Amino acid sequence: MGPSNTILSKSKSFFAEIGDMAYFAGRFFREVVKPPFEFKELLRQCYYMGNRSLLLVLVTGFILGLVFTLQSRPTLTEFGAESWMPSMISIAIIREIGPVVIALICAGKIGSGIGAELGSMRVTEQIDAMEVSGTNPFKYLVVTRVVATTLMLPLLIILGDTVALIGSAIIENIKGEVSYLLYINQVFDSIKFSDVIPATIKSFFFGFAIGLVGCYKGYNCSKGTVGVGEASNAAVVYTSMLLFIIDFIAVFVTDIFVDM
Amino acid sequence: MKEQDQKEPILEIKDLRKSFGENHVLNGFNLKLYKGENLVVMGKSGSGKSVMIKCLVGLMQADSGVIKIKDQDISNLGQKELDILRTEIGFLFQGSALYDSMTVRENLEFPLRRHKKKLELSGSTDKLVLEALENVGLAKAIDLMPSELSGGMQRRIALARALILKPNIILYDEPTTGLDPITAKEIIHLMRTIQDTYNTSSLIITHDVDCARVIANRMILLVDGINYAEGSFQELLNNKDQQVQAFFKT
């Protein structure tokens, strides 16, 4: 097979995968509005995803705030702009760095977990067993997980952003002798709704992407235990790429509205 | 057999065909299962037994052929009707397929969540779960996780789960594979007991001759995707055909 044929067959399988994923997403939207609803399982998934990722998100957010402030401080000091520190850090974290970093962390933690769990259920025939027992496994396994990630990710991002700002305030207090009250005042002075709302809307899409790709890879897993590893790995890789694409679209759209 | 011919089959497969690319797995397979009967389908690995049983419950789509369960052609059924029909069928998977994130109790409660009311099963969920576990002699395992059970115990729990909706038909996919000979005998004995107690019709897919000897009322040998030979265990054992004898020699 020549290089052009290889490229052609790879492109074909890439677009076929995109098509399959779009069909999977379409099935999600059909099933999510159709009763019966699996509220108990949804709550369980929300609890697991939120609770199990909380510590990781808090630690990451806190260190992000500390490091970002420590790294930015010398440059701003050089220009005599230390007083801009709280505004700059808060806008950067809330608009962009917080949502993207925490979504990437969750893609690794939650997305790969979903991929591996559903993948292992597929290869051990547990999904088939659900289907044979007259239960819709798509509704029970996929819909609940995608809705749970869509709802939980914005909450995790809000918490992560808050902790990052606390970390930043601590560094500012130690290095720049800025009181906590002054730091908080400056943060609230500089943040507008036009910073918070688009970032929050974006985080719902991030959550949806993490849940959807993880479920898609796991639900369609094949090739035994090797396939489970591949599903888990591919869930993280595909989600990470998708997160940056969503981020670009979100920033582009926000920019259009801000200009208006 | 003569008597069975007079009766209507509870499950019927006509001219079932299924291919995966160039690999033709089923080439016009036929089967009739009657009420209260234990029908064993034997075949070598890769002969299409599992594909056939998966087509039977709608987990796989056949290329052509007719599958009728209780006179309903499953290819004409919508998802809702198929789900209702599936409650009439218990399925024991080869690897047990217990939900490993749930306890034994939750595994058994799972099929009841949606169908208990529809099927008008009497008694509380707890009572039905306990009854099913007692039938397989594992009531004490109710709060254990599947990972805490041995292979034989997992197979018994899977059987209890297959029975919980009180199905008329039970499909066994290699019920003794992967078990030691003593545990395999226990499972076979359990299958007989269940059949006697509930008067279910059973379709058993296996390549275990001992299992077939004990349990089969009638047998079909599946070779190259077609019914190669059919009859009672003794009839097939006495069959002089080399391919038929090959099954019994192993």
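**Domains of chain B.** I started with the two domains of chain B and found the C-alpha centres of domain 1 and domain 2 to lie 24 Å apart. The domain assignment, automatic or from a database, gives domain 1 of chain B as 2–88 + 169–249 and domain 2 as 100–166. I noted that this is a predicted model, where local features need pLDDT of at least 70, side-chain atom pairs count only at pLDDT 80 or more, and totals for chains, interfaces and linings use all residues. Residues are numbered from 1 along each chain as its sequence is written, with chains lettered from A and ligands numbered from 1 in the order in which they are written.

Next I looked up the contact between these domains: 10 residues come from domain 1 of chain B and 12 residues from domain 2 of chain B (in contact means C-beta atoms, placed from the backbone, within 7 Å). On the domain 1 side, the largest share, five residues, belongs to helix α7 (residues 181–198) of chain B. Helices are DSSP runs of H or I with at least four residues, strands are runs of E with at least two, and both are numbered from the N terminus. By class, that domain 1 side has six nonpolar, three polar and one charged residues. Here Ala, Val, Leu, Ile, Met, Phe, Trp, Tyr, Cys and Pro count as nonpolar, Asp, Glu, Lys and Arg as charged, and the others, Gly among them, as polar.

**Helix pair in chain A.** I then turned to helix α3 (residues 85–123) and helix α6 (residues 180–190) of chain A, whose axes come within 8 Å and cross at roughly 55°. Axes are lines fitted to C-alpha atoms, for helices over the stretch in contact, with angles from 0 to 180 degrees between N-to-C directions. The contact uses Pro86(A), Ser87(A), Ser90(A) and Ile91(A) of α3(A), and Tyr183(A), Gln186(A), Val187(A) and Ser190(A) of α6(A). By class, I get four nonpolar, four polar and no charged residues there.

As a reminder to myself, most residues other than glycine have a negative phi, and most peptide bonds are trans. Pro35(A) and Pro36(A) are joined by a cis peptide bond, with omega about 0°. Pro36(A) sits in the loop between α1 (3–32) and α2 (39–78) of chain A.

Glu125(A), not a glycine, has a positive phi of about 65°; its place is the loop between α3 and α4 (126–132) of chain A. Asp71(B) also has a positive phi, near 70°, and lies in the loop between β4 (64–69) and β5 (72–73) of chain B.

Terms used
Contact = placed C-beta atoms within 7 Å.
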